[in-house]
Amino acid sequence: MNASSLTLQQLLDVYLSSRQLKPRTAEDYQSVIDRYVKDWCSANWQAITTDSFEARFDIVSKRSHAQANYLVRVISALWSFGCAKYDVSYPNPTQRIKALGGLHVIKPKDSLLPDAIHPKWWKAVATLRDREASAFLSFVALTGCRRSEALGLEATDIDWHSRTVTFPDTKNGMTHRLPLGTRLFSCLYDHCHGRTGRVFRLNGRGITVSTAEVSERIGFKWTAHDLRRTFVTVAQRTLRDLATVKKLVNHSSGADVTMKHYLRLSVEDLREPMQRVEDAFDHLRT
C-alpha cells in the first residue's frame, strides 16, 4: 500500500497499529475523526487542504474550542506520521492554524464543590436512582481519582484483606495504589464484594444523566472532575503536606528532585492521611 492510495481512515488504522497508545487514547482518536470529519474518512488523506481543514476547524470551534484544538492535534499527528512512514512531503493542513496562533486558548477550570454544598450533594448522590452512579460518584469524591481510572477498575483491583485499591491504568502510566478509608471500604464492600468484572457498571451517558440529576436537585452545576479538585483542596487543607497530597492523587512530581528521586511513600504511609481526609469529608457532609 502506498501513500497516494491511502484514505484518511486507513492512515489512522496504520497509525493506531504502529503506535503504542493506551486503548482510551486510541478510542479518542477514532472518536474525534468519526465525530467531526467522518465524511473525509473514505477520501485520500493527502487531498485534505489547508483551506478545507480550516473551514472544518471553524465549524467544530462553534461547538467546542477544546474539541477543535484536539482535532488539530489528531490530524497533525496523522500527517506527520504519514509523511515520515511513506517518505512523502505533503503540506500539513493544520500548520497554518498553529503558525498563525489560531488555536484556542483554553483556560483551566478551577471549579469545585463549595463547602456549603456538601450536605445537599452527598444526600442527593446517596439517593440517586442509579445505584452504580451513586457508588461511582462517592468513590471518585473520596479518592480524588480521575473518572476514567474509576471506570476502568476491575473487581480484582480491590484487595479486601489489605483494604487497598489499585489503579493499573493511570494518566501518567504509573500503577497507583491507595488505602481505603473506613467509610469508603464499607461503601465498596456493600457495592461490589463478590462481584466479578467491572467495579462500576455504567458508561459516560449514565454519569452525565446522574450528574445532571444531582445538579438539578442541589441547584448547583458541577462535573465529575470537579470532585478531583475538591479532593485535592480538602486534602491540602487537612494535611498541609503537598507531597502527600500529590501522592494521594498520583500527580507528577515535576522538576522537584527530592520528590522525584528520593521521596518514597508506601501505601501504609498514606493510610493515616487518607483516613484524615475522609474524616474531613464526613465533617463537610454532616
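**Notes on a predicted model**

1. For background, most residues other than glycine have a negative phi. D87 is also out in the open: its relative accessible area is 70%, so it counts as exposed, the cut-off being over 50%.

2. There is another residue of this kind to look at. R240 is not a glycine either, yet it has a positive phi of about 50°. You will find R240 in the loop between α11 and α12 (242-248). Is R240 buried or exposed? Exposed, with a relative accessible area of 69%.

3. Now zoom out to the whole chain. The protein chain has 286 residues, and 44% of them count as buried. How many helices and strands are there? The chain holds 14 helices and three strands. If you draw a box around the C-alpha atoms along the principal axes, you get roughly 60 × 45 × 40 Å.

4. Strand β2 covers residues 164-167, and β2 and β3 pair over four bridges in the antiparallel sense. To find one of these on screen, look for F167, whose bridge partner in β3 is H176.

5. Of the elements, α2 gives the most, with nine residues. By residue type, the lining divides into 17 charged, 15 nonpolar and 14 polar residues.

6. On to the aromatic rings. The structure holds 15 aromatic pairs. One of them is Y29 with Y70, an edge-to-face pair with 6.1 Å from centre to centre and 85° between the planes. This pair links distant parts of the chain: Y29 belongs to helix α2 and Y70 to helix α4, and they are 41 residues apart. Are these two tyrosines buried or exposed? Y29 is buried, with a relative accessible area of 5%, and Y70 counts as buried too, at 16%. The limit for buried is under 20%, so Y70 falls inside it at 16%.

7. Compare that with F231 and F281. Why is this pair called stacked? The ring centres of F231 and F281 are 6.1 Å apart and the planes are at 20°, so the pair is stacked; the limit for that label is under 30 degrees. Distant parts of the chain are linked here as well: F231 is in helix α11 and F281 in helix α14 (residues 267-285), 50 residues apart. F231 and F281 are both buried. They are also part of one aromatic cluster, together with W121, W122 and W222.

8. Last, the cysteines. A disulfide is a covalent bond between the sulfur atoms of two cysteines. How many disulfides does this model have? The count comes to zero. Take C145: the nearest cysteine sulfur, that of C192, is 13 Å away. The cut-off for a disulfide is within 2.5 Å, so C145 is in no disulfide. C192 is in no disulfide either, and the nearest cysteine sulfur to C192, that of C187, is 11 Å away. Where do C145 and C192 stand on burial? C145 is buried, with a relative accessible area of 5%, and C192 counts as buried at 3% relative accessibility.

Key:
Residues numbered from 1 in each chain as written. Predicted model: local features only at pLDDT ≥ 70, side-chain atom pairs only at ≥ 80, totals over all residues. Heavy atoms only, no water. Buried < 20%, exposed > 50% of the residue type's maximum accessible area, 1.4 Å probe, protein only. Helix = DSSP H or I, 4+ residues; strand = E, 2+ residues; numbered from the N terminus. Nonpolar A, V, L, I, M, F, W, Y, C, P; charged D, E, K, R; others polar. Pairing = 2+ DSSP bridges. Phe/Tyr/Trp six-rings, centres within 6.5 Å; stacked < 30°, edge-to-face > 60°.
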